[in-house]
Amino acid sequence: MIIFRYFMFGLLGLMTGVLQAEPFTPELDNQVLEQLPRQLFQTTASKKVKSLRVQLKNNPNDWSSVNQLAHHYIELSKTLADPRYMGYAQAIIDPWLETAPYSIQPLVLRAIIRQNAHDFTGAMEDLDQVLSIQPGHFQANLIKATVATVQGEYSLAIEHCRRLMRRSSLFMALICQSTPASLSGNAKRSYQLLHQILSSGRMMATKESIWAWTSLAEIAWRLGYFKEADQHFQRARQVGVRDYYWLKTYADFLLQQKRPLDVIQLIAVETKNDSLLLRLAIAEKLTSSRQLPDHVTWLNDRFQLNRKRGSSIHQGDEARFILYFGNQPEMALQLAWQNWLIQREPTDIYILLKAAIAAHDDETIKEVKQWMAINKTEDVVIQGILATQAGDGYEI
Amino acid sequence: MKSNILLLVLLFLSPFAWSHKASDSFLNLSAEQNVISGRWDIALRDLEFALGLDEDNNGAITWQELRNQSQIIENYAFSQLQVKNRTDVCTREMHSLQVDYHTDGAYAVLNFDLYCSQSIAELNINYQLFFDLDPTHRGLLQIRKSNFSEFVVFSPDHQQENFTLGQSNHWQSLRQFVAEGIWHIWAGYDHLLFLICLLLPSVVRKTSIGWEQKDYLRNILWQVGKIVTAFTIAHSITLILAVLQLVSLPSRLVESAIACSVILVAVNNLYPFFREKAWSVAFAFGLIHGFGFASVLSSMDLTSGGLGVALFGFNLGVEVGQLAIVAIILPSAYFLRSSWFYQRMILQAGSLAIMMLAVIWFLQRALDLRIYEA
């Protein structure tokens with residue numbers, strides 16, 4: 001029956017967009033059709049956004065309004081995990097770069113936007129532009145280090161992290177460096193160093209703190225220090241802000257630790273978020289939840305839609321979805337490869353390897369192993385995946 | 001500002017695939033002659049950002065708030081969408097504003113028609129909705145005209161698209177309807193058995209002592225020709241009447257009557273009472289069978305190539321199917337007609353079996369019983 005359902009959702013997926021639900025005319029005037037997130041109407045920031053939009057309308061050439069508004073949008077897109085707000089920011093920044101292509105602040109903002117659209121090449125171009133004008137530019141170096149880490153260019157990342165030291169921020173430089181260093185043969189040292197820094201009790205801003213503790217937890221996880229990893233994840237949680245990157249990473253950790261019930265408890269409400277919905281669905285499959293068929297159908301619809309609109313930023317997740325729910329290893333492998341060409345974070349390695357194992361593609365496995373040997377990758381999750389060779393057992 | 005940017009950088013140190021669905025609108029257009037009927041789904045979240053729907057600023061967008069803005073939404077949306085047939089801008093008539101839920105929330109549904117001055121042939125569609133506010137927005141268009149269907153994604157870099165819809169291919173749709181006709185006569189057991197029952201006794205005649213073979217092939221062919229022609233003319237008449245919606249009968253009545261017709265012709269093979277009047281029986285029941293064909297045809301898309309093509313093609317297909325049955329049954333019946341096997345086993349036992357099956361159909365259809373799912 002379950003298999004039949006999956007088959008059917010495949011068929012249904014083909015018709016997505018063709019078949020739509022029936023529209024309706026609400027019966028009651030006061031029927032609530034859409035509830036906006038609190039951040040959009042209740043907060044001081046939301047009022048500020050409204051007034052800034054009016055200001056900008058009256059005076060389109062005021063960089064200060066553009067700059068402030070762009071910051072608000074980018075922040076909203078993060079807190080709501082809603083890409084629309086990145087688009088809104090882009091819409092007001094683009095005209096500035098058309099008239100003044102070398103202005104540093106707009107370039108940095110555009111790099112952030114491009115990075116988040118997974119346009120890493122475009123982001124790097126903007127950052128190089130900024131760094132050619134101001135080689136020591138703090139933000140540009142930090143973002144460049146991040147993008148390089150995501151792309152698996154660890155020595156480039158470390159180089160740009162070190163440039164931060166010259167700007168008197170040893171602390172930031174060390175946090176920045178810990179992830180790329182841990183992924184290129186210095187996992188234990190990075191862990192100890194970062195742990196030491198974070199345990200020193202130095203005050204950190206909210207987001208800084210979440211970022212640092214999550215990074216530490218990830219390094220601990222890859223080293224196989226599961227108990228410590230969980231503790232570090234909890235420290236990040238205690239900061240008290242619901243952070244989507246943290247949610248996604250911790251959900252993966254819990255899945256790998258075979259704690260699907262904890263995953264469901266953690267993200268049961270996050271069904272509008274594709275990445276989290278995928279992790280929720282995996283947990284639901286492991287616990288044979290009744291919600292599963294609905295969630296699988298939704299995911300299928302959304303991946304289909306993303307493909308239709310030509311968006312490729314979900315390929316890693318889609319590969320995982322297809323491997324796990326669609327049972328089509330070849331297709332998953334193809335997507336995992338396309339994803340691998342764009343980004344090379346540990347989760348991207350996991351899915352590529354799992355798909356390659358499932359599709360019996362020894363060539364890919366060999367290539368990934370070579371890549372890991374060159375980079376001296378240390379990761380118990382990868383070891384686990386390679387050890388099982390069946391591609392199962394690890395739900396990540 | 002520096003610390004502000006630093007915060008932003010920190011926000012994104014670990015890139016996170018946008019998980020929330022991005023902004024899309026869904027535009028469905030289907031063209032027929034000079035009218036395009038359309039449905040446009042636009043996310044309330046997007047309309048809220050562009051126009052401000054939440055009047056009382058309480059974060060809840062109600063049906064009333066949406067409806068209050070319906071004129072503004074309509075004007076805004078259609079100022080960003082231009083549909084031209086050749087050089088002629090098609091005018092819009094808004095029908096209703098409704099609501100639908102997609103996986104990411106509520107959408108306003110704009111139901112409308114576009115009237116073009118000439119029959120739709122070459123469409124030029126220019127889509128700009130929200131591109132000035134959100135370059136990541138996409139317009140997903142599905143456009144249809146009879147056999148033509150195309151899917152297009154509009155983006156800031158791709159705001160225009162031309163479609164050559166042209167005239168639909170009559171030959172292609174004719175072939176499609178012919179095939180449907182053939183298929184229907186073969187797959188619809190009741191029509192098939194009705195014809196077989198009518199044909200079986202045409203090679204023999206009942207006398208006081210039993211069955212005897214007919215001798216003249218010419219007479220047999222003449223008899224068969226009359227039966228088939230009468231059946232054809234009759235079902236064509238009712239098929240046309242029904243498809244043009246001049247006459248309509250409840251399908252339960254039609255289906256029961258068709259079953260009844262099979263019973264009667266089968267009984268006639270056991271205790272002949274039509275005699276030489278078989279062709280008029282074929283005509284009378286042909287009228288009923290025509291309504292049965294019509295119910296099949298009306299479930300198909302008749303717009304492709306027009307109604308004439310559909311009726312002609314379907315009828316032609318039914319004829320071809322019938323002739324194929326005649327071509328299979330008649331020669332074997334002719335050669336076997338003098339045998340005991342034909343007269344007893346095929347004609348009598350066969351008709352009896354058919355009659356029993358038809359009785360089951362009749363009970364099932366008339367009384368809505370579920371005895372055997374045909």
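The model is predicted, so local features need pLDDT of at least 70 and side-chain atom pairs count only at pLDDT 80 or more, while totals for chains, interfaces and linings use all residues. Residues are numbered from 1 along each chain as its sequence is written, chains are lettered from A and ligands numbered from 1 in the order in which they are written, and side-chain values use heavy atoms, with hydrogens and water left out.

**Where the chains meet**

- Chain A brings 75 residues to the contact and chain B brings 66 residues, where contact means heavy atoms within 4.5 Å.
- About 7,000 Å² is buried between chain A and chain B, 61% of it on carbon and sulfur atoms; buried area is the accessible area (1.4 Å probe) that two parts lose on being put together, summed over both.
- On the chain A side, L33(A), R84(A) and R309(A) lose the most area to chain B, and together they make up 12% of what that side buries.
- Between chain A and chain B, 17 residue pairs are in polar contact, both residues at pLDDT 80 or more. A polar contact is a pair of N or O atoms within 3.5 Å; within protein, one must be able to donate a hydrogen and the other to accept it, and residues adjacent in sequence count only if both atoms are side-chain atoms.
- Helix α3 (residues 63-80) of chain A gives the most to the side of chain A that touches chain B, with eight residues. Helices (H or I, at least four residues) and strands (E, at least two) are DSSP runs, numbered from the N terminus.
- Strand β1 (residues 32-35) of chain A pairs with strand β3 (residues 60-62) of chain B in the antiparallel sense, over three bridges; two strands pair if DSSP finds at least two bridges between them.
- In β3(B), I61(B) stands opposite E34(A).

**Salt bridges between the chains**

- Three salt bridges cross the interface of chain A and chain B, each a side-chain nitrogen of Lys or Arg within 4 Å of a carboxyl oxygen of Asp or Glu.
- One of them joins R45(B) to D82(A), with the closest N and O atoms 2.7 Å apart.
- D46(B) and R84(A) also form a salt bridge, their closest N and O atoms being 2.6 Å apart. D46(B) lies in helix α2 (residues 44-51) of chain B and R84(A) in helix α4 (residues 84-99) of chain A, so this pair joins two chains.
- D46(B) counts as buried because its relative accessibility is 3%; buried means under 20% relative accessible area, exposed over 50%, and partly exposed in between (1.4 Å probe, protein chains only).
- R84(A) is buried too, at 2% relative accessibility.

**Salt bridges within a chain**

- In chain B, R39(B) and D100(B) meet in a salt bridge (2.8 Å, N to O). The pair links distant parts of the chain, with R39(B) in strand β2 (residues 35-43) and D100(B) in strand β6 (residues 91-102), 61 residues apart.
- In chain A, E318(A) pairs with R307(A), the closest N and O atoms being 2.9 Å apart.

**Helix α21 of chain A**

- The buried residues of helix α21 (residues 380-388) are V381(A), I382(A), G384(A), I385(A) and L386(A).
- They pack against α11 (206-223), α13 (244-256), α19 (346-358) and α20 (362-375) of chain A.
- D379(A) caps the N-terminal end of α21(A), with a side-chain oxygen 2.9 Å from the backbone nitrogen of V381(A).
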